[in-house]
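Please walk through this structure with the text below, checking each passage against the coordinates.

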Amino acid sequence: MSPLLEVRDLAVAYGAINAVSKVSFTVESGQIVCLIGSNGAGKTTTLRTISGLLRPVAGEIHFDGQRIDRLPAHEILARGIAHSPEGRRLFGRMTVEENLRLGAYTRSDEPEIRKDMDRVYELFTVLGERRHLKAGLFSGGEQQMLAIGRALMSRPRLLMLDEPSLGLSPIMTQRIFTTIAELRAEGTTVLLVEQNALAALAQSDHGYVVDLGRTTLSGTGQELLADRRVQEAYLGESVSG
C-alpha cells in the first residue's frame with residue numbers, strides 16, 4: 001500500500017537561487033510527520049510546493065497514489081490537502097466566522113459546513129465565544145487557532161502546519177500541540193514544520209531533518225530525539241563522548 005504523501009527528490013528554485021535541491025520523504029495515513037531544520041533549510045518552500053503555490057523544477061509529489069505537482073492549488077486543496085501557512089495569513093478585517101468560511105470555499109454542503117464550524121468552536125472555545133469579532137483583534141495564539149481552524153474547514157485528509165508555535169507562549173504552544181494530537185486521534189494526517197524540534201519530535205510518528213535543501217536524516221520521532229547530531233544541532237544540547 002502506497003503512502004498517503006510521497007515527495008521524491010524535490011527541487012525548487014526562486015529564479016537562480018535553489019531553495020530545495022533534493023528533498024524526499026513519505027507520510028503514512030494517520031501519522032504525524034515533522035520536518036525540522038534550521039531557518040532557510042527549505043522546509044516552508046517544500047510545503048508551499050506540495051500545496052501548489054510553487055512549481056518544482058525537478059522531482060515528483062504523489063498524493064494518494066496520484067501525481068499532483070503539476071496541478072493548480074485549488075485542485076490540490078479539493079483532493080484533500082490543506083495548508084496552514086507560516087505567519088497565519090488571516091484576513092484581519094474579517095470576522096472569525098468569515099475567515100472560517102473561506103476555508104470551506106470549495107464546498108457547497110451548508111449543513112456539513114456548519115457542523116465542521118461547530119467542531120472548530122469545540123476545539124478552540126475562544127473562537128466560538130468571539131466568532132463575530134474581527135481576526136485582527138486577536139492575540140497571536142488565538143490567530144493561530146483560527147488559522148488551523150480555517151484549514152480544517154476543507155475537511156483535509158492531510159493537514160500541513162507551518163510553524164504553528166512561532167511566537168507563542170509556552171502555555172499556548174502546549175495547547176496547539178494538544179490539539180494536533182486530538183486531530184490525529186480523529187483520523188487527520190498531519191505534516192508539521194516546526195522550529196520547536198523537541199516538541200515536534202516528541203509528538204511525531206516520524207521525522208525528517210532538512211538541511212541546505214536536502215533531506216539528511218530520518219527516523220521515528222524518538223530515534224531522532226536520541227540522535228546526537230539532532231541533539232547538538234536542533235535541541236541545544238552538547239553531547240560529549
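The paragraphs below treat a helix pair, a strand hairpin and an aromatic contact.

This is a predicted model, in which local features need pLDDT of at least 70, side-chain atom pairs count only at pLDDT 80 or more, and totals for chains, interfaces and linings use all residues. Residues are numbered from 1 along each chain as its sequence is written, and side-chain values use heavy atoms, with hydrogens and water left out.

Helices (H or I, at least four residues) and strands (E, at least two) are DSSP runs, numbered from the N terminus. Helix α3 (residues 96-103) and helix α6 (residues 140-152) have axes that come within 7 Å and cross at roughly 35°; axes are lines fitted to C-alpha atoms, for helices over the stretch in contact, with angles from 0 to 180 degrees between N-to-C directions. On the α3 side, V96, N99, L100 and G103 make the contact, and on the α6 side L146, G149 and R150 (heavy atoms within 4.5 Å).

Strand β9 (residues 206-211) pairs with strand β10 (residues 214-220) in the antiparallel sense over six bridges; pairing requires at least two bridges found by DSSP. Y208 stands opposite S218 in β10. Two residues lie between the strands of this hairpin, where L212 takes a positive phi near 50°.

Rings of Phe, Tyr and Trp (its six-membered ring) pair if their centres lie within 6.5 Å, and planes under 30 degrees apart count as stacked, over 60 as edge-to-face and the rest as tilted. The count by this rule is one aromatic pair. The ring centres of F25 and Y208 are 5.6 Å apart with planes at 50°, so the pair is tilted. Because F25 lies in strand β2 (residues 17-27) and Y208 in strand β9, the pair ties together parts that are 183 residues apart in sequence. F25 is buried at 3% relative accessible area, and Y208 is buried at 8%; buried means under 20%, exposed over 50% and partly exposed in between (1.4 Å probe, protein chains only).
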